[in-house]
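Morning, everyone. Please bring up the structure on your screens. I'll take you through it piece by piece.

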Amino acid sequence: MGNLLEVDGLQIELVTDKGLIRAVDGVSFCIEAGETVTIIGESGSGKSTTAMGILGLLPADLAVLSGSVTFKDTEILGKHKELCRIRGKHIALIPQDPMTALSPVHTVGSQLREAVRHSGVAGRAKQIERCVELLEQVRIPDPTTQLGKYPHQLSGGMLQRVLIAGALASDPELIVADEPTSALDVTVQASILDLLLELQERTGIGMLVITHDLGVARLMSDRIYVMKSGAFVEDGDAEGLVNAPRHPYTRKLLDAIPQLGPWNEAIEKVEAPV
């Protein structure tokens with residue numbers, strides 16, 4: 001399969017009162033069709049900045065210094081016309097926090113209809129039909145009723161499914177998922193990750209996942225890039241990197257995953273017959 005996305009030498013700088021800070025320092029990677037690539041790192045490591053730089057969605061205090069980003073052999077870095085043509089249609093974003101991504105004063109249906117309209121579906125009836133279809137794809141029950149609700153009337157997990165539905169509206173070839181489960185309760189995270197994996201298996205979509213959780217990265221990824229202080233310190237296939245990390249920072253992230261072993265052993269000792 002050919003590469004959907006190629007990033008080469010991307011450098012992004014942060015403008016501060018004390019001068020310029022290199023937020024992303026020359027990172028390079030690619031994503032093939034149907035592949036999931038994950039960038040993992042702690043808060044402030046530059047992983048989300050990398051994703052937003054690719055999409056041309058950086059805030060005013062961040063600026064791309066150099067590099068290249070091509071989508072299916074078309075350069076999009078700094079190319080406003082090409083980005084407008086591709087972003088939201090061929091490349092879609094799943095934001096981190098549904099409560100900030102969705103307007104609290106508009107219904108779920110009106111906001112999802114806007115994504116559907118942007119994808120090229122004309123006419124209110126057809127747009128609503130497409131919205132219902134999208135909510136069914138992300139396994140939201142009674143979709144017609146849910147379209148009439150406001151964001152505060154839905155749970156965090158349901159809202160995240162709405163964001164995923166919006167990302168799927170234009171049948172994109174690549175989805176950028178920025179911390180897709182970090183705002184959710186632990187009990188809901190697994191169902192959202194399962195949904196993303198199911199959608200990818202069914203559609204063959206490529207995914208760039210941004211996360212701080214190595215457990216999420218292991219579950220979702222074909223390849224993982226570990227990011228620290230704006231640069232990649234290690235990369236490799238998911239199983240190999242998790243099972244045999246080479247860099248101390250990767251081992252630190254691995255050690256941060258909660259372990260249930262000691263707790264289980266303690267329970268077994270308490271319940272063991274005398």
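Let's begin with a hairpin. E9 and E10 form it, with two residues between them. Ser-229 sits in the turn and has a positive phi of about 55°. Keep in mind that this is a predicted model. The two strands, E9 at residues 223-228 and E10 at residues 231-237, are antiparallel and pair over six bridges. Lys-228 has Ala-231 in E10 as its bridge partner.

Now the sheet. In what order do the four strands of the open sheet come? The order is E2-E1-E4-E5, and the pairing is antiparallel. E2 (19-32) and E5 (74-75) are the edge strands. Each has a single partner strand, so one side of each has no neighbour in the sheet. Look at E1, residues 3-16: eleven bridges join E1 to E2, and the two run antiparallel. One place to check is Leu-5, which stands opposite Ile-31 in E2.

Next, helix H8, residues 186-203. H8 has 18 residues, and at 1.5 Å a residue they should span 26 Å. The end C-alpha atoms are 26 Å apart, so expectation and model agree. Which residues of H8 are buried? They are Gln-189, Ile-192, Leu-193, Leu-195, Leu-196, Leu-199 and Gln-200. Looking down the axis of H8, these buried residues fall within an arc of 155°, so they line one face of the helix. Turn to the face away from that buried side, and you find Thr-187 and Glu-201, both exposed. After H8 comes Gly-204, with a positive phi near 75°.

What do the buried residues of H8 pack against? Three are strands: E3 (36-40), E6 (91-94) and E8 (206-211). The others are helices: H5 (124-137), H7 (156-168) and H9 (214-220).

The largest nonpolar core holds 36 residues. Ile-94, Leu-135, Val-138, Ile-164 and Ile-175 touch the most other members. Elements giving two or more residues to this core include E6, H5, H7, H8 and H9. H7 supplies the largest share, eight residues.

Zoom in on Ile-164. Leaving out residues up to four places away in sequence, Ile-164 touches Ile-94, Val-138, Ile-192, Leu-195, Leu-196 and Leu-199. There is also a second, separate core, of 31 residues. Among its members are Val-7, Ile-12, Ile-54 and Met-227.

That's the tour. Questions, please.

Definitions and conventions: Residues are numbered from 1 along each chain as its sequence is written. This is a predicted model: local features need pLDDT of at least 70, side-chain atom pairs count only at pLDDT 80 or more; totals for chains, interfaces and linings use all residues. Side-chain values use heavy atoms; hydrogens and water are left out. The expected span of a helix is 1.5 Å times one less than its number of residues. Buried means under 20% relative accessible area, exposed over 50%, partly exposed in between (1.4 Å probe, protein chains only). The arc is that of the directions from the helix axis to the C-beta atoms. Contact means heavy atoms within 4.5 Å. A nonpolar core is a set of buried Ala, Val, Leu, Ile, Met, Phe, Trp, Tyr and Cys residues joined through side-chain atoms within 4.5 Å. Two strands pair if DSSP finds at least two bridges between them.
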